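Please read them with the structure open beside you.

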Amino acid sequence: MDVQVLLVDDEPHILASLQRLMRRADITFATASSGEGALQWLSENRAEVILSDYRMPGLSGTEMLTKVEAKWPDTKRIILSGHSDFDTVLKAVHSGVVHKFLAKPWSNQELVEHLHISLSQTNLKAESPSVQHNVLATATDLSPKATATQLQVILDTVIDGIVTIDDLGKIASANKAIERIFGYSKNDLRCRDFSLLLPEPYRSQYDYYLVNNTGDGLKELLGNQRRLVGVRKNGEVFPIELSVTEMEIEGHSKFLGMIRDISRRVSAESENELLIGALEMAQDGFALFGAGDKLLRFNRQFRNLYSEYGVDLSGSVTYESFFRNCVEKGLFCEAQNNPEQWIEQQLALHASLPIIKQYELQPNVWIEIHETQADNGAIIVSHLNISELKQTQFSLEKAVSEANRANSARGRFLAMMSHEIRTPLNGVLGLLQLLQDTQLDGSQSKFVESALASGQGLLTIISDILDFSKIEADKLEIVPAPCNLRLLLSQLEQLLMPRVEEKSIVLNFQIDPSVPDWIEIDEQRLRQILLNLLSNAIKFTDYGEVSLQVNLQSDYRLGFKVVDTGIGIPWDEQGQIFSEFTTISNTQNRPYEGTGLGLSISQKLVNLLGGELQFSSEPSKGSTFSFSLAVVESAVPANSAAVTGDVRFNASVLVVDDSATNRIVVEHMLVALGLKTVCVSSGAEAIEAYQPGRFQLILMDISMPDMDGYETTKKMRLRDDWDCTPIIAFTAYVMPEDREKINQYQMSGYLEKPLDKKVLVQVISPLLASYKVDSSKQSIDSVVTDDGTELLEPDYVNQLARDTSEEVLPQLVNVFKEDVDKRLEELSNPDIDDALLERNLHTIGSSSALYGLMTLSKQARSLEKVCREGGCARASLLDFLALAQQSLDCLDQFMLERKA
């Protein structure tokens with residue numbers, strides 16, 4: 001393989017820089033990483049020019065080029081070195097082993113020019129055969145014609161302009177470079193005054209020398225190179241570098257003028273001066289290290305930064321000696337413990353550029369060091385004083401730390417308040433529910449219902465406050481799970497009906513048929529949002545309608561819209577509608593009851609679910625609240641039928657809780673599931689009561705005096721006779737860090753207070769799966785009429801049993817049947833007025849859905865809509881009454897089969 005240039009250097013980054021330069025200059029090349037490698041390559045290939053580093057492991061550059069000169073003498077040989085002691089290299093140059101010496105760091109432009117000159121000189125040797133024949137025609141002597149031809153060829157290959165001038169200042173000859181530089185042809189210049197190439201005042205000065213000194217005029221210009229200004233044929237003035245040498249030819253004095261166009265160099269120097277001036281005035285410290293890591297230049301800020309501490313930057317300073325000097329002066333705090341190790345680490349970083357690293361130079365004085373390598377091998381270094389930025393960072397970190405501590409404290413306060421408030425409230429509500437299942441007279445039942453409603457109202461307020469605090473503290477988590485959406489909406493409708501019936505309004509749920517039954521979502525949070533919005537709508541609507549519209553949008557987002565015909569929101573209050581603790585004033589300018597947190601919480605929950613709560617409202621006409629959520633349709637969970645309210649277990653449970661009320665509530669719920677219980681009030685009693693094989697599950701309260709649930713769990717697990725009984729944490733409030741702690745103590749799960757029976761069954765069922773009692777009840781998927789119409793969907797009844805209890809379900813069904821029978825009797829009266837007809841249809845439509853009588857519910861709603869739109873529904877009443885009776889019979893049959 002033949003190439004123009006062979007690059008030899010043991011430093012990979014230098015080779016990489018040179019390779020990029022060769023490609024840009026369109027020069028073919030090969031590379032070698034050592035002198036030995038270069039010789040090996042040359043044994044099989046050819047290069048016109050060799051560009052080699054001087055100091056390399058093994059053969060040095062001059063040693064390698066000495067061998068090249070012996071075997072391939074026609075190859076041009078150039079040394080590129082960054083070392084300051086060039087004696088050996090210069091000797092090699094003088095001896096002919098090396099043709100040129102270039103220093104690192106190099107100028108890309110000048111390096112390419114040198115290579116082009118060397119390449120042109122090698123090309124000269126390959127001149128046309130006719131020229132070679134003329135040159136070699138005479139073995140003993142060269143003819144003047146041949147010598148002149150050869151000389152002119154040589155002169156025309158030189159990139160600098162060359163002119164010969166006679167003793168009268170006339171141009172005798174010029175090479176091609178002069179033509180290129182000035183724009184004149186050789187014929188234009190021959191016998192013309194050399195001053196033609198100079199503008200004023202240089203032309204007049206040149207003429208003055210000639211006139212006053214005649215033949216000696218040009219001698220005034222002899223000497224070193226000097227910078228002048230030239231003028232091209234087109235009148236363009238440009239900078240040149242001129243050197244004049246006297247020579248004698250055949251007894252006549254002549255002068256040789258060497259002219260170089262330095263336009264690009266002067267422009268670069270000007271730019272460099274501007275750059276150096278800018279760097280000198282920069283607020284950051286800049287330094288330049290050359291090849292060999294010698295400090296070449298630094299600016300004022302760099303000098304001031306280190307001279308303040310006595311660091312010496314004069315003389316021969318290298319990268320390593322600079323940092324050693326700094327460390328000796330007590331700089332770089334982290335280096336003081338082990339200076340040598342720190343310096344080694346710094347040198348290792350320096351070997352893998354680029355780097356950006358921060359250091360504490362002195363206490364409270366910080367710098368950021370940036371290092372990068374230029375194409376020519378130079379290292380550009382900036383030392384930025386970032387003390388103010390660092391102090392700001394520390395202040396922010398301190399503020400964040402304090403905020404986190406405050407947030408953590410708030411979280412602990414929430415946990416404590418949740419436990420202190422909700423634990424006794426859980427006991428009150430639990431006991432009221434248990435009391436409700438006993439034999440009570442009419443007055444007692446009303447008292448219990450009122451107390452239960454008041455307790456639930458108080459629990460709602462407390463939950464709102466705690467939920468708001470959890471959201472603000474970023475402690476609330478969204479937990480998606482399969483959700484039966486239609487069942488959820490039916491339960492909401494049934495829950496809100498008592499409030500609706502207290503007013504002269506209609507509650508209308510409009511669910512588009514395309515809406516899926518099961519979706520993946522956090523059911524608790526969706527329920528909370530809809531309940532807040534619907535409760536608000538009912539609260540602020542005294543006449544007309546409240547409706548919930550649910551539809552599947554084109555982008556497969558589920559849209560929810562709550563519309564009411566209530567009092568609306570005053571224009572001046574709409575800007576604060578989502579603010580915390582904000583309530584709407586009524587016509588007497590008195591706020592409605594409530595915490596003012598419902599809409600704020602709903603907005604934040606919608607955001608957490610990936611939506612945006614929007615509203616529009618007009619005073620005295622009503623309001624609309626809407627949002628949409630991205631949903632994923634979910635399959636019916638495989639265990640949805642297994643975890644039901646009628647599940648029974650044959651196992652024993654140890655209940656550990658310091659609250660007597662809580663122990664009563666939990667015990668009754670567990671007994672209702674067929675479980676045997678042992679209740680204790682402290683961790684010490686729990687450890688004493690525990691025996692291997694005695695319990696199949698332990699419910700452990702976390703917040704107990706003396707010994708909390710975590711410590712009790714730890715001590716039980718350390719017992720020699722521990723049999724790995726599952727332990728469920730039982731607490732009023734579970735934060736993310738509590739979940740981590742529950743996992744840390746290897747607890748099997750957790751239950752939150754107030755205890756929900758459905759959640760209780762879901763949590764304990766997997767742990768007691770082998771102790772489940774097979775009830776051998778027949779599963780009824782649906783009940784249909786002879787013509788195939790589905791009258792009853794049992795899932796709704798089973799869900800109602802899970803939400804209440806198996807004992808309460810028959811009572812609820814009886815109340816429902818009695819209410820429907822009464823309304824059917826009123827509907828059978830041909831003289832029933834339109835308002836009562838519509839109200840009865842509305843009530844039957846909403847309540848029958850809760851018990852799975854979906855066909856009856858849809859028919860009732862359809863007739864209700866006819867009434868509301870002013871149509872005549874009476875013609876269809878006989879069919880409706882028959883459908884209602886058939887549906888009630890199906891419900892009776894299903895209840896008998898469930899009981900069997």
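1. The buried residues of helix H12 pack against strand S11 (285–289), strand S12 (295–298), helix H13 (319–328), strand S13 (355–362), strand S14 (365–373) and strand S15 (379–385). Contact here means heavy atoms within 4.5 Å, while helices (H or I, at least four residues) and strands (E, at least two) are DSSP runs, numbered from the N terminus. In H12, which spans residues 300–307, the buried residues are Phe302, Leu305 and Tyr306, where buried means under 20% relative accessible area (1.4 Å probe, protein chains only). They cover an arc of only 80 degrees around the axis and therefore sit on the same side of H12, the arc being that of the directions from the helix axis to the C-beta atoms.

2. This is a predicted model, in which local features need pLDDT of at least 70 and side-chain atom pairs count only at pLDDT 80 or more, whereas totals for chains, interfaces and linings use all residues. Residues are numbered from 1 along each chain as its sequence is written, and side-chain values use heavy atoms, with hydrogens and water left out.

3. Helix H2 (residues 35–42) has Gly35, Ala38, Leu39, Trp41 and Leu42 as its buried residues. Seen down the axis of H2, these fall within an arc of 160 degrees, so they line one face of the helix. Their cover includes strand S1 (2–8), strand S2 (29–32), strand S3 (46–52) and helix H3 (61–71).

4. Phe238 lies in strand S9 (residues 237–249) and is buried, with a relative accessible area of 2%. Leaving aside neighbours within four places in sequence, Phe238 is in contact with residues including Ile181, Phe182, Leu228, Val231, Asp261 and Ser263. The C-alpha atoms of Phe238 and Val266, which are 28 residues apart along the chain, are separated by 9.7 Å.

5. The axes of helix H17 (residues 485–501) and helix H18 (residues 523–539) come within 11 Å and cross at roughly 30 degrees, the axes being lines fitted to C-alpha atoms, for helices over the stretch in contact, with angles running from 0 to 180 degrees between N-to-C directions. H17 and H18 are therefore roughly parallel to each other, a term that covers angles under 35 degrees. Among the residues that meet are Leu485, Leu488 and Arg499 in H17, and Glu523, Leu526 and Ile538 in H18.

6. For the protein as a whole, there are 29 helices and 32 strands, and buried residues make up 43% of the 900 residues.

Methods
Parallel < 35°, antiparallel > 145°, perpendicular 65-115°, else oblique. Buried < 20%, exposed > 50% of the residue type's maximum accessible area, 1.4 Å probe, protein only.
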